[in-house]
Amino acid sequence: MRVLLVEDDSMVGQAIEDSLKDACYAVDWVKNGQSAISTIELQHYDIILLDLGLPGRDGLKVLTDIRSSGKPVPILIITARDAVEDRVRGLDDGADDYLSKPFEMKELFARMRAVMRRKGGTAAPVLSNSILWLDPATHQVSDQHELVLRLSKREFALLEALMVRPGTILSRAQLEDSIYGWGEEVESNVVEYLIHSLRKKLGNDSIKNIRGVGWMVPRGK
């Protein structure tokens, strides 16, 4: 899952970025509102973490600009502004959730998972295609035979990208986007290596290759 972090405080931003990477997210970090708008025009994100107290263009203005452009990307506000009026305005202006600083990272991750579930139209905490079950909270995957496996960080990131949209073919570039953020060197054949590793653990039919196009997990019956 690829995350855009919009946070001007270097210490707070670094701590959040490090925690996101440790939790298997691909994360890009910008420090002002104009950079956020420019970045969103060029790159797809699964979720945006948006501070409000930004230099130049305020976070609420960034929020309204994103929503007025028609982009449906989930937005989670993370801010020190904790007044009821600020929370109400943020939510009414199009944010999907609002988290006041300071916060525990485990709560941020839980709220991110909840926002993504709502985006996917499901209340279930586990991603499933009726063949595999992937738990974003524990990074464990299980199959119809109740075999439970814990995945490596990159195995999880790649399988999560596929499990969010069963039956949808994702290209190499799209899968690499789910694994790597800015400045991270894309290793040669990493997608093929991870898919090979996942198939060894979950079976050859767990991930389908559509020659010349990409990969997908099949839809369950």
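Which residues does Ser-142 touch, not counting residues up to four places away in sequence? In this predicted model, the list runs Ile-131, Leu-132, Trp-133, Leu-147 and Val-148. Ser-142 sits in strand S8, and at 17% relative accessibility it counts as buried, because the cut-off for that label is under 20%.

Four strands make up an open sheet, in the order S6-S7-S8-S9, and the pairing is antiparallel. The edges are taken by S6 and strand S9 (148-150); each has a single partner strand, so one side of each is left without a neighbour in the sheet. Inside the sheet, strand S7 (residues 132-135) and strand S8 (residues 140-143) run antiparallel to each other and are joined over four bridges. One of the bridge pairs links Asp-135 with Gln-140 in S8. Helix H6 packs on this sheet, where it touches S6, S7 and S8, and its direction makes about 120° with that of S7.

Helix H6 also holds Glu-160. Is Glu-160 buried or exposed? With a relative accessible area of 6%, Glu-160 is buried, since anything under 20% falls in that class. Setting aside residues up to four places away in sequence, Glu-160 touches Met-1, Leu-127, Leu-134 and Pro-136. Ser-128 is 32 residues away from Glu-160 along the chain, and the C-alpha atoms of the two are separated by 10.0 Å.

Strand S1 (residues 2-6) is mostly covered, with five of its five residues buried. In a regular strand, side chains alternate between the two faces of the sheet. In S1, Arg-2, Leu-4 and Val-6 point one way, Val-3 and Leu-5 point the other way, and all are buried. S1 pairs with strand S2 (residues 26-30) in the parallel sense over five bridges, and Val-6 stands opposite Val-30 in S2. Elsewhere in the sheet, strand S3 (residues 47-50) and strand S4 (residues 75-79) are paired in parallel over three bridges. Ile-48 stands opposite Ile-75 in S4.

Another helix, H3 (residues 59-68), contains Leu-60. Leu-60 is buried, with a relative accessible area of 5%. Which residues is it in contact with, leaving aside its neighbours within four places in sequence? For Leu-60 these are Leu-52, Arg-81, Arg-89, Gly-90 and Asp-93. Leu-60 and Glu-160 are 100 residues apart in sequence, and their C-alpha atoms are 30 Å apart in space.

How much space lies in the largest pocket? The figure is about 670 Å³. Its lining counts 30 residues, and the closest to the pocket centre are Asp-46, Met-116, Glu-160, Val-164 and Arg-165. The elements that give two or more residues to the lining are helix H5 (105-119), strand S6 (127-128), helix H6 (153-163) and helix H7 (172-179). H5 provides the largest share, four residues. By class, the lining is made up of 13 nonpolar, eight polar and nine charged residues.

The second largest pocket has a volume of about 160 Å³. Its lining consists of Ile-40, Gln-43, His-44, Tyr-45, Ile-48, Lys-71, Pro-72, Val-73 and Lys-119. Among these is Ile-48, the residue that stands opposite Ile-75 in S4.

Note on methods. Residues numbered from 1 in each chain as written. Predicted model: local features only at pLDDT ≥ 70, side-chain atom pairs only at ≥ 80, totals over all residues. Heavy atoms only, no water. Buried < 20%, exposed > 50% of the residue type's maximum accessible area, 1.4 Å probe, protein only. Contact = heavy atoms within 4.5 Å. 1 Å grid on protein atoms, 1.4 Å probe; cavity = no way out; pocket = protein on both sides within 12 Å on 5 of 7 lines; lining within 4 Å. Points joined across faces, edges and corners; volume = space filled by probe spheres on them. Nonpolar A, V, L, I, M, F, W, Y, C, P; charged D, E, K, R; others polar. Pairing = 2+ DSSP bridges. Axes fitted to C-alpha atoms, helices over the stretch in contact; angles between N-to-C directions.
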